[in-house]
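Here are my notes for anyone opening this one for the first time. Have the picture beside you as you read.

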Amino acid sequence: MSGAPPVNSVVGDALAALRAEYLAHLPELLAELALLVARGATDVEARERARVAAHRLRGTAGSYGFEAAGELAGRIEDTLDEGAAVPAELLRSLEALVSHPAARSPESAQ
Amino acid sequence: MTRASAAPARRDSVTRMAGTVIEKVLMVDDEPYVRRVAELSLSRVGKWTVILAASGPEALAAAERERPDLILLDVMMPGMDGPTTLSCLQARAGVAEIPVIFMTAKVQDREIERYLGLGAAGVVCKPFDPIQLPDQIRRIVLGEYRTA
């Protein structure tokens with residue numbers, strides 16, 4: 001089986017434009033998630049909203065090339081699904097990504 | 001709900017797989033950014049006509065109106081979720097036989113088995129690579145594998 005089909009410039013340009021648009025919106029999505037995660041420590045409704053927001057980011061960010069943001073959102077969703085408290089380390093990584101949403105990994109954003 | 005048609009030059013690229021002709025795909029997801037990148041992938045890379053729906057009820061209406069050859073269905077949606085939508089599709093004459101591929105961001109073996117047990121043709125994991133997605137779909141429809 002061959003690998004990925006060749007990407008012609010039209011498709012590549014269209015993907016790049018979509019990616020730029022998503023990147024412009026990503027800090028807002030990350031900041032909202034960080035806020036909900038912080039509030040969720042004491043607010044059940046905020047915790048559920050954080051879980052939904054994390055799930056959406058998890059399934060979306062990677063398709064636009066922002067794997068680090070998606071993977072971090074996935075870790076947060078899993079933590080919330082388990083009923084556990086979101087570790088401070090994850091929240092710090094999330095807050096760091098707000099400023100550097102295109103970082104390749106949460107660690108590199110710190 | 002919107003439609004993204006393949007360009008006329010691509011109409012010869014009808015995908016014929018295991019006796020199933022795929023020309024029109026219904027993509028269902030409540031997340032706008034997922035719909036947008038999927039639309040681009042399926043229409044420009046896959047060269048299929050794409051119908052978009054943002055919810056289970058929209059999907060049911062679009063399936064009956066458009067009679068797509070394949071449905072990509074998000075699992076976790078507010079209101080009517082993916083499995084419930086599939087159940088409704090299966091109960092409706094004329095659309096019950098349309099292959100459905102679930103798309104999910106939570107990939108656990110037991111969940112995948114459950115989705116397949118409900119009658120899904122396969123499961124695609126999110127996030128997907130927009131360049132690879134059409135090929136993953138083809139492989140599932142061909143029966144090469146059921147999870148991508």
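1. A word on terms before the tour: helices (H or I, at least four residues) and strands (E, at least two) are DSSP runs, numbered from the N terminus. Read along its sequence, chain B goes β-β-β-β-α-β-α-β-α-β-α-β-α. That pattern holds five helices and eight strands.

2. Some housekeeping. Residues are numbered from 1 along each chain as its sequence is written, and chains are lettered from A and ligands numbered from 1 in the order in which they are written. This is a predicted model, where local features need pLDDT of at least 70, side-chain atom pairs count only at pLDDT 80 or more, and totals for chains, interfaces and linings use all residues.

3. How far does the predictor trust chain A? On pLDDT, the predictor's confidence in each residue from 0 to 100, chain A has a mean of 87, and 87% of its residues reach 70 or more. Among the elements of chain A, helix 2 has the highest mean pLDDT (96) and helix 4 (residues 88–99) the lowest (90). Take care with residues 105–110 of chain A, where pLDDT stays under 50. Where pLDDT is low, the predicted coordinates should not be read in detail.

4. Now chain B as a whole. Two residues are in contact if their C-beta atoms, placed from the backbone, lie within 7 Å. Among contacts in chain B between residues at least 6 apart in sequence, 63% join residues at least 24 apart.

5. How many residues does each chain give to the contact between the chains? Chain A gives 18 and chain B gives 17. On the chain A side, helix 1 (9–40) and helix 2 (44–60) each supply at least two residues. That side has 10 nonpolar, six polar and two charged residues.

6. Helix 1 of chain A also packs against helix 1 of chain B, at an angle of about 175° and with axes 11 Å apart. The pair is therefore roughly antiparallel (over 145 degrees; under 35 is roughly parallel, 65 to 115 roughly perpendicular and the rest oblique). Among the residues that meet here are A:Leu15 and A:Leu18 from chain A and B:Val37 and B:Leu40 from chain B.

7. Finally, two residues of chain B to click on. B:Tyr33 is in helix 1 of chain B and touches A:Tyr22 and A:Thr60, leaving aside neighbours within four places in sequence. B:Tyr33 counts as buried because it has 21 C-beta neighbours inside 10 Å. B:Glu31 sits in the loop between strand 4 (24–28) and helix 1 (32–45) of chain B. B:Glu31 is buried too, with 20 other C-beta atoms within 10 Å. Leaving aside neighbours within four places in sequence, B:Glu31 is in contact with A:Arg56, A:Gly59 and A:Thr60.

Definitions and conventions:
Ala, Val, Leu, Ile, Met, Phe, Trp, Tyr, Cys and Pro count as nonpolar, Asp, Glu, Lys and Arg as charged, and the others, Gly among them, as polar. A residue is buried if 20 or more other C-beta atoms lie within 10 Å of its own, exposed if 12 or fewer, and partly exposed in between; C-beta atoms are placed from the backbone. Axes are lines fitted to C-alpha atoms, for helices over the stretch in contact, and angles run from 0 to 180 degrees between N-to-C directions.
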